[in-house]
Amino acid sequence: MIKNNVLNILKELPENVLLVAASKKRSYIEIQEAIKAGVTIIGENYCKEARSVFERIGRAVKWHYIGIPAKEKHDLLRRKSLEIFDMIETIDSFEFAKEIDSQCGKIGKIMEVLVEVNSGKEAQKSGVLPDHAVELIEKLSILKNIRVMGLMTMGPGFKAAEESRPYFKETKRVFEEIKQMSIPGIEMKYLSMGMSNSYMVAIDEGSNMVRIGTKIYENS
Ligand SMILES: *Cc1c(COP(=O)(O)O)cnc(C)c1O
């Protein structure tokens, strides 16, 4: 089941689009099955889970942190967690980035990060407001142990994928604006947007990294 789900999704994705398997609360067995079918990037929301699965899977895949930092900031800043992750997709403040920068400096690692944009401007969601993204990214460019590689957004949750389109469009607009600025040390390479119910619309609006959980791990 997982195998077919992954194969179907990979077939559907344009060549330039990366698949991140959002694997929160999935067992090692399930994740292993997804990897066997061709998944090369695992997205984890919880550091404790990530550490336990990483112990068994290791560097066979890339590891992206896609959780909400505020909730488990402390855990993410631990050396053991930072060593696992190849990318942190959810940077939403200078203070948080600075702490990651400082910890990464201690372990001699340059962490790739994405800045999370709160494209729906929702009070309960994390991420920087679209209008504040430029300012944050300019500040981040001075940090030596993190490298900004692009933007990520969730957007408000909808039943119909079409409703997500304006939020993806807005994030892409900010992405292009920052790209045009050619800020030293900032690479606008990845635009991470789109989940199980919305990834085709997200790709249509310029996403090149989709984070898919349900559609990989559950019966379709
Ligand atoms: C769970 C999760 C996803 C995947 O959501 P699905 O609807 O299950 O595909 C994507 N991004 C983040 C940040 C998540 O936490």
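Ser-182 counts as exposed, because its relative accessibility is 58% and the cut-off for exposed residues is over 50%. In this predicted model, Ser-182 is found in the loop between α8 (165–181) and β7 (190–192). Its phi is positive, about 45 degrees, although the residue is not a glycine. Most residues other than glycine have a negative phi.

Lys-25 also has a positive phi without being a glycine, with a value of about 65 degrees. Lys-25 lies in the loop between β1 (18–22) and α2, and with 64% relative accessibility it counts as exposed. A further positive phi, near 60 degrees, belongs to Gly-58, the residue that follows α3.

**Helix α3 and its surroundings**

Helix α3 spans residues 47–57, and its buried residues are Cys-47, Ala-50, Arg-51, Val-53, Phe-54 and Ile-57. Which elements do the buried residues of α3 pack against? They pack against the helices α2 (28–36), α4 (69–76) and α5 (79–84), and against the strands β2 (41–44) and β3 (62–65).

**Aromatic pairs**

A pair of aromatic rings is described by the distance of the centres and the angle of the planes. The count for this model comes to three aromatic pairs. Among them are the two listed here.

| Pair | Centre to centre | Angle between planes | Class |
|---|---|---|---|
| Phe-54 and Trp-63 | 5.6 Å | 70 degrees | edge-to-face |
| Tyr-65 and Phe-85 | 5.4 Å | 75 degrees | edge-to-face |

Phe-54, one of the buried residues of α3, has a relative accessibility of 19% and therefore counts as buried, the cut-off being under 20%. Its partner in the pair, Trp-63, has 0% relative accessibility and so counts as buried.

In the pair of Tyr-65 and Phe-85, the planes stand at 75 degrees, so the arrangement is edge-to-face. Tyr-65 belongs to strand β3, whereas Phe-85 lies in the loop between α5 and β4 (87–91); the pair thus links distant parts of the chain, 20 residues apart. Both Tyr-65 and Phe-85 are buried.

**Contact of α1 with α2**

The axes of helix α1 (residues 2–12) and α2 come within 8 Å and cross at roughly 40 degrees. The two helices are therefore oblique to each other, and their crossing is right-handed. On the α1 side the contact is made by Ile-2, Lys-3 and Val-6, and on the α2 side by Glu-30, Glu-33 and Ala-34. By residue type, the contact of α1 with α2 holds three nonpolar and three charged residues, with no polar ones.

Notes:
Residues are numbered from 1 along each chain as its sequence is written. This is a predicted model: local features need pLDDT of at least 70, side-chain atom pairs count only at pLDDT 80 or more; totals for chains, interfaces and linings use all residues. Side-chain values use heavy atoms; hydrogens and water are left out. Buried means under 20% relative accessible area, exposed over 50%, partly exposed in between (1.4 Å probe, protein chains only). Helices (H or I, at least four residues) and strands (E, at least two) are DSSP runs, numbered from the N terminus. Contact means heavy atoms within 4.5 Å. Axes are lines fitted to C-alpha atoms, for helices over the stretch in contact, and angles run from 0 to 180 degrees between N-to-C directions. Angles under 35 degrees count as roughly parallel, over 145 as roughly antiparallel, 65 to 115 as roughly perpendicular and the rest as oblique. A crossing is left-handed if the near helix is turned anticlockwise from the far one by less than a right angle, and right-handed if clockwise. Ala, Val, Leu, Ile, Met, Phe, Trp, Tyr, Cys and Pro count as nonpolar, Asp, Glu, Lys and Arg as charged, and the others, Gly among them, as polar. Rings of Phe, Tyr and Trp (its six-membered ring) pair if their centres lie within 6.5 Å; planes under 30 degrees apart count as stacked, over 60 as edge-to-face and the rest as tilted.
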